[in-house]
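Please keep the sequence and the model side by side while reading.

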Amino acid sequence: MQSLLLWINGKAVPGSEHQTFVVTNPATEEPVYEVAEASLSDVETAVQAAKTAFHDGRWSKLPLSERQMHLLRFADLLEANQDKIVEAEARQSGKPVKLVRYSDLPFSIDNLRYFAGQLRNLEGQAQSEYNGAHSSWIRREPVGVVAGIAPWNYPVMMAVWKLAPALAAGNTMILKPASITPVTALMLGSIAKEAGIPDGVLNIIAGPGRTIGQALVQHPDVAMISLTGDTATGRQIMSAGASRVKRLHLELGGKAPAIVLNDANLEAAIRGVAVGSLVNSGQDCTAATRVYVHRSRYQDFLDGVVQAYREARLGDPLSLSTDLGPVVSQAQWQKIDGYVKNAVKMGGKLLLGGERPPHLSRGHYYAPTIITQVEQHWPIVQEEVFGPVLVVLPFNTDAEALALANDVDYGLASSVWTENLRRGLYFSRELAFGEVWLNDHLPLTSEMPHGGVKQSGFGHDLSRYSLDEYTTVKHVMADLNNETVKGWHFTILGDVPE
Ligand code: NAD
């Protein structure tokens, strides 16, 4: 079993209490990594390392060209180490190597390069004498010590989505990956060091959210919490951070609808919804989980999507011909199965799946599952299942489709399938989601924001919007007139001028 240590102040270190935990391969159910578990005293050491590194300016006061160079080198080294990272990612999470090698990792590398470029282009209003007597200008400054708390579904990509904008903006950070998948995030420490990122700027610690994560959130020297995770975790973090009015960035759950209008290119919609729902075995916050299909195309869509689901190849995540790996854990398997069984009990019709695939005797595999005859208010339509499960519902009018699509607590992602651009644009205005795709589902780009509304959280990953969130805006105002008694002083002291 390979061992991994914490990364604090530029060094790989065991936990101060020498506790470790085991990471299990979800495809084989065998232990594959032994990982050092951080103690509360390690949280303190990591925060103090980040605090010192922030205040002495070893990172925040570097010439921006140098900060950029280190991040570009980080990206290059990530690329050079890709074989190692891809394999570790597949082993710890069960993700197919195909997805990591051709999607998660290249996108993470691109993300680092994007933020390395953006950091030299800080934005604000122009300096001017807005009130005539004073010159005003904006300073964009880093927030300070940032805690980045990441989920298990895209371990390396979520780690990079957190650290790239935070470091680009000049912050220092403590990254805490999910305990179930900490390996690839911990591997980033030595890569960052080799890239020349100074010690203490990036610290990575592993341990349970309820203790280690919570301690980070409550720590008085942590200025900002950036979480990607469950909505329930977002609520806990909001209340834990409230006493110190911490800056929060919350990327939470989703329940994305796909709407197939009567004029859609049906083949494209079938393929797009199948891919958009099966991605990462459905463990994706933007996954298409519920599809509303115009009644006139409903049966054809259903036949097509069942066929597409049947084509998905489940198997060894390390094989390049595997489409779907297992889900991440037995607990996740049970959660998915619970939603499916409940929907069937309530009267839903199981068209496919709802079981362990018969040809796979071990591993947390869940067969691609399609359910129809469900009702809008059922948990399987309203809540995050986070598995390869699709519900398909018919609708009659555009207004009905919109109302059903918006009728959930979440607001992260959505898609509309139509050949009519005007209708697509109308839906893009009316859908209450942070992301609307027209005739596709899933693609993202480093230049454009990713974030939710409603209970999917607030704040954005990717894009300059994200960079802005990891900075503070300071207004500096300088008097230019050199008068002792200024024209406005009378409003507080003195008579109204005649
Ligand atoms: P989770 O909320 O259980 O855990 C996320 C992280 O928070 C982990 O590192 C965990 O240890 C930590 N944590 C848990 N409780 C904590 C607490 N009280 N204080 C501090 N930290 C705590 O989520 P998960 O199960 O790892 O990931 C799946 C969830 O993430 C899904 O809801 C999914 O939709 C969401 N997600 C959202 C996005 C997005 O961009 N909006 C992207 C990926 C995943």
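Domain 1 and domain 2 bury about 2,200 Å² between them, of which 57% falls on carbon and sulfur atoms; buried area is the accessible area (1.4 Å probe) that two parts lose on being put together, summed over both. On the domain 1 side, Lys98, Trp152 and Ser456 lose the most area to domain 2, together 24% of what that side buries. This is a predicted model, in which local features need pLDDT of at least 70 and side-chain atom pairs count only at pLDDT 80 or more, whereas totals for chains, interfaces and linings use all residues. Residues are numbered from 1 along each chain as its sequence is written, and side-chain values use heavy atoms, with hydrogens and water left out.

The domain assignment, which is automatic or from a database, gives domain 1 as 2-252 + 456-476 and domain 2 as 256-438. Their contact (heavy atoms within 4.5 Å) takes 25 residues from domain 1 and 29 residues from domain 2. Across this interface the rule finds two salt bridges, a salt bridge being a side-chain nitrogen of Lys or Arg within 4 Å of a carboxyl oxygen of Asp or Glu.

Helix H4 (residues 97-118) and helix H5 (residues 155-168), both DSSP runs of H or I with at least four residues, pack at an angle of about 5° with their axes 9 Å apart, the axes being lines fitted to C-alpha atoms over the stretch in contact and angles running from 0 to 180 degrees between N-to-C directions. H4 is therefore roughly parallel to H5, a term for angles under 35 degrees.

Methods:
Helices (H or I, at least four residues) and strands (E, at least two) are DSSP runs, numbered from the N terminus. Angles under 35 degrees count as roughly parallel, over 145 as roughly antiparallel, 65 to 115 as roughly perpendicular and the rest as oblique.
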